[in-house]
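This report covers backbone geometry, salt bridges, helix packing and a surface patch, in that order. Please keep the sequence and the structure at hand while reading.

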Amino acid sequence: MRRFILFLLVAFSTSSIILSQNIQTPSEFLGYDIGTQFSRHHQVVDYFKTIAAATPQQVKLEQYGSTNERRPLYLAYVSSEANMANLETIRENNLKNTGILSGSPTSTDIAIVWLSYNVHGNEASSSEAAMLTLYKLLTERKDLLENTVVIIDPCINPDGRDRYVNWYNETASQPYDIDKQASEHHEPWPGGRANHYLFDLNRDWLWATQTETNARLQVYNKWMPHIHVDFHEQGPNEPYYFAPAAEPFHEIISDWQRDFQTQIGKNHAKYFDAEGWLFFTRERFDLFYPSYGDTYPTYMGAIGMTYEQGGHGMAGLGILNDEGHVLTLVERLTHHTTTGLSTVEIASKNATQLNNEFAKFFDNSNLKYKSYVLKGNEDKLNSLKKLLNKHEIQFENANGTKVSGYNYTNGGQGNMTINSNALVVHTNQPKGKMVKVMFEPNAKLSDSLTYDITAWSIPYAYGLDAIASTSQVNSSKLSERKALQVLNDAYGYVSKWSSMDDAQFLAELLEHNFKVRFTEKPFSSNGSNFERGSLIITKGDNRHVVDFLNTLNKIAQKHSQALTQINSGFSQTFPDIGSPDVKLINRQKVAVLSGEGTSSLSYGAIWHFFEQQLHYPLTSIDTDDFSSINLNKYNVLIMPSGYYGSVLNDDHMKKLKDWVRAGGKVIAIDGALRSFAGKDGFSLKYKTSEAEDDPDNLTAYADREREYTNQLITGAIFKTSVDRTHPMAFGYDDSYFSLKLGSSAYSLLDSGYNVAHLNDTKVYSGFAGKDALNNLDKTLVFGEERMGSGSFIFMADNPLFRSFWENGKLFLVNSIFFVNNNAYEL
């Protein structure tokens with residue numbers, strides 16, 4: 001017997017040695033010492049493929065999606081042979097532990113750790129660290145895998161990473177230059193941080209607007225890990241940051257989650273202290289805004305954390321920082337590898353407790369609001385359903401006719417009449433705490449110093465009336481949507497105008513060369529009433545369209561548009577269809593400024609909006625080429641948020657004004673308004689507060705940062721008054737909830753149209769400092785100023801911010817197609 005046991009031990013030891021010998025180090029595979037060059041994304045993927053092929057009993061590689069630029073997205077599942085043979089059972093046991101799957105788990109002693117790397121493409125040390133972490137888990141730290149499943153995403157953002165790495169490899173000196181003024185330390189616009197559409201993927205977890213996020217969430221929801229780490233980089237002068245996070249913590253975060261973050265941080269500190277490495281904790285990076293790679297997992301029960309290594313895109317392969325230290329890529333990836341392994345280590349040591357505490361998180365009995373009830377435009381409700389489905393959050397239709405509770409419209413207690421179309425989202429479901437986070441009227445803020453916006457409440461973002469009820473509202477499973485009727489031959493057809501679904505319908509009609517009209521005044525025909533903005537497609541306008549009725553039917557069915565047939569151009573209440581108040585919509589040629597001076601994020605949101613949401617052509621014009629561009633080729637020019645001081649010199653401003661006078665339209669968004677405020681020929685003016693005009697400058701140095709918050713608005717929601725008779729506001733009611741991202745304020749236009757403005761300064765959700773609030777009353781949100789035959793359209797609040805404020809997007813579409821619709825079609 002002893003001989004047999006000895007034989008097994010020798011065989012196991014021999015197989016372990018052989019296994020280690022079969023596993024190439026990253027340096028052996030790459031052909032250069034890891035960290036001495038930046039690896040392209042395909043090299044990172046190829047290394048993971050090679051290791052998976054060499055160790056199939058311990059590593060499983062899964063492609064879970066692909067990027068807009070067709071780069072693959074992969075996950076690696078890493079564990080012991082026994083665990084890998086039982087991987088599906090481990091996954092199902094974990095979901096049973098949360099209540100997502102029914103039944104009792106057969107075992108809850110395996111920890112699940114998910115490590116996400118390189119969400120920001122130019123924070124490129126982490127994908128290098130992912131390779132080294134994989135190698136060390138399978139060799140030096142394979143003991144940790146006995147009771148731990150480690151899921152590794154080596155690169156969340158391959159498009160951004162390769163944009164950065166390809167630029168750096170083309171640009172860097174040989175050997176690299178540590179002088180921070182060298183060109184290799186200064187990325188050109190737009191930089192490698194964001195994905196293809198220039199979205200920050202670290203702020204897209206909840207909104208899921210990007211293809212990478214959507215693909216990742218499908219797998220994340222299948223696993224629901226106990227720990228999730230997002231690896232980042234910050235400026236080259238900063239030491240390493242790891243958990244615990246800074247205040248504010250959202251109130252749903254449990255004491256266990258707080259405490260275990262501290263345990264993890266102390267475990268990291270043990271290794272950093274041994275090497276004499278600097279680090280900091282509990283500062284800057286809070287756990288509040290729900291769409292981060294640390295907060296989203298936290299609100300799904302995990303220990304969600306951000307790790308920040310000094311470096312960033314500026315650091316390259318090596319840079320001399322302000323403390324006289326040469327910070328190298330080798331050092332950066334070593335730190336990330338250390339914290340990654342330390343995270344797996346402490347998870348392994350606490351696997352059973354992690355499972356037990358994870359299960360407790362999904363007890364939602366103590367949540368104040370039991371149901372959120374929403375009613376409104378059917379298209380907007382359907383849009384919300386799509387978001388909830390992405391997160392596998394359950395919803396139903398309401399039973400009853402009335403519901404009471406917190407009324408989002410008036411910001412206090414109230415009632416709301418409902419019918420069976422109203423949507424109900426209960427909190428007595430496994431993801432009930434995430435429901436609270438998404439729908440809560442005003443998240444409790446323990447500290448006004450935050451890293452991001454402080455308001456995002458779904459009813460406001462989607463433009464829906466809502467009640468938060470402290471008692472569970474009766475509901476039942478959703479009824480199926482009725483099929484649309486096929487159109488018959490008629491004089492014309494009218495479509496409502498109230499949502500992005502309608503805008504997409506219009507865009508496709510125009511792409512198919514349909515002639516479409518819209519009404520500037522309400523009218524009635526055939527017993528039906530039609531609001532301003534309603535689309536009208538007549539047979540007479542479209543004799544040039546081959547197979548007109550069949551084509552219209554197909555497009556209407558595709559977009560679920562219920563068209564109302566009219567049998568005559570003579571309306572029951574005017575205007576008639578031939579009235580000057582029923583205007584033909586031009587097939588607008590739209591351009592957008594990009595490049596230096598523009599915010600890459602703002603530009604990216606516009607680019608994504610046109611290509612992936614509106615599905616309408618857009619021409620991008622680089623600001624460096626502005627002097628040579630023939631603006632007469634376009635009807636509309638969109639200016640993203642940005643700083644245009646070096647772009648709009650006197651000659652360029654004259655060129656822009658002349659084009660507008662001839663019939664062009666400029667749509668200026670957010671920071672772009674600075675280019676026109678207070679300038680000659682414009683009535684747009686800044687509004688300044690008394691606090692800014694007369695600062696006492698007596699605040700103590702230590703209190704200066706916190707005192708400054710009095711002047712800040714960190715993503716707060718306000719109710720605006722809307723002139724719904726103006727074409728920019730067609731499809732809206734006389735009020736609109738707007739997300740204000742900063743404290744910049746503009747006075748109401750003296751000449752022009754104040755389409756939406758703030759009438760009071762009540763904050764419905766989020767944080768706004770007292771000085772900033774004092775300056776907001778009677779300020780512009782959206783407006784139009786005519787110049788000659790054209791218009792300047794001012795959007796002080798950005799309705800496309802991160803693409804999640806669904807209710808604001810129609811303002812932009814209206815600005816393109818309806819406002820001052822007198823320009824000739826090119």
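Asn 118 is buried, at a relative accessible area of 0%, where buried means under 20% relative accessible area, exposed over 50% and partly exposed in between, with a 1.4 Å probe and protein chains only. Asn 118 sits in the loop between β3 (111-116) and α6, and although Asn 118 is not a glycine, its phi is positive, at about 60°. Helices (H or I, at least four residues) and strands (E, at least two) are DSSP runs, numbered from the N terminus. Another positive phi in a residue other than glycine, near 55°, belongs to Glu 392, which is placed in the loop between α13 (378-390) and β14 (396-398). Glu 392 is partly exposed, with a relative accessible area of 42%.

Most residues other than glycine have a negative phi, and most peptide bonds are trans. Here, the bond from Gln 174 to Pro 175 is cis, with omega near -5°, and Pro 175 belongs to the loop between α7 and α8. Ala 243 and Pro 244 are likewise joined by a cis peptide bond, with omega about 5°, and Pro 244 lies in the loop between β6 (240-241) and β7 (246-249).

## Basis of the values

The model is predicted, and local features need pLDDT of at least 70, side-chain atom pairs count only at pLDDT 80 or more, and totals for chains, interfaces and linings use all residues. Residues are numbered from 1 along each chain as its sequence is written, and side-chain values use heavy atoms, with hydrogens and water left out.

## Salt bridges

A salt bridge is counted when a side-chain nitrogen of Lys or Arg is within 4 Å of a carboxyl oxygen of Asp or Glu, and a search of the whole structure finds 35 of them. One of these joins the side chains of Arg 161 and Glu 128, at 2.7 Å from N to O. This pair links distant parts of the chain, with Arg 161 in helix α7 and Glu 128 in helix α6 (residues 125-138), 33 residues apart. Arg 161 counts as buried because its relative accessibility is 0%, and Glu 128 is also buried at 0%.

Lys 654 and Asp 658 form a salt bridge at 2.9 Å, N to O, and both residues lie in helix α19 (residues 650-661), four residues apart, about one turn of the helix. Lys 654 counts as exposed at 52% relative accessibility, whereas Asp 658 counts as partly exposed at 35%. Elsewhere, salt bridges that share partners join Glu 123, Arg 193, Asp 200, Arg 203, Asp 452 and Arg 802 into one network.

## Helix packing

The axes of helix α16 (residues 500-511) and helix α17 (residues 548-558) come within 10 Å and cross at roughly 150°, the axes being lines fitted to C-alpha atoms over the stretch in contact, with angles from 0 to 180 degrees between N-to-C directions. That makes α16 roughly antiparallel to α17, since angles under 35 degrees count as roughly parallel, over 145 as roughly antiparallel, 65 to 115 as roughly perpendicular and the rest as oblique.

## A nonpolar surface patch

Tyr 176, Ile 178, Leu 320 and Val 326 make a nonpolar surface patch of about 270 Å². Patches are made of residues with over 30% relative accessible area and no salt bridge, with like charges joined within 9 Å and nonpolar side chains (Val, Leu, Ile, Met, Phe, Trp, Tyr) within 5 Å. Accessible areas come from the Shrake-Rupley method with a 1.4 Å probe, and for residues only the protein chains shown count as cover. Tyr 176 is partly exposed, with a relative accessible area of 31%, and is found in the loop between α7 (158-171) and α8 (211-223).
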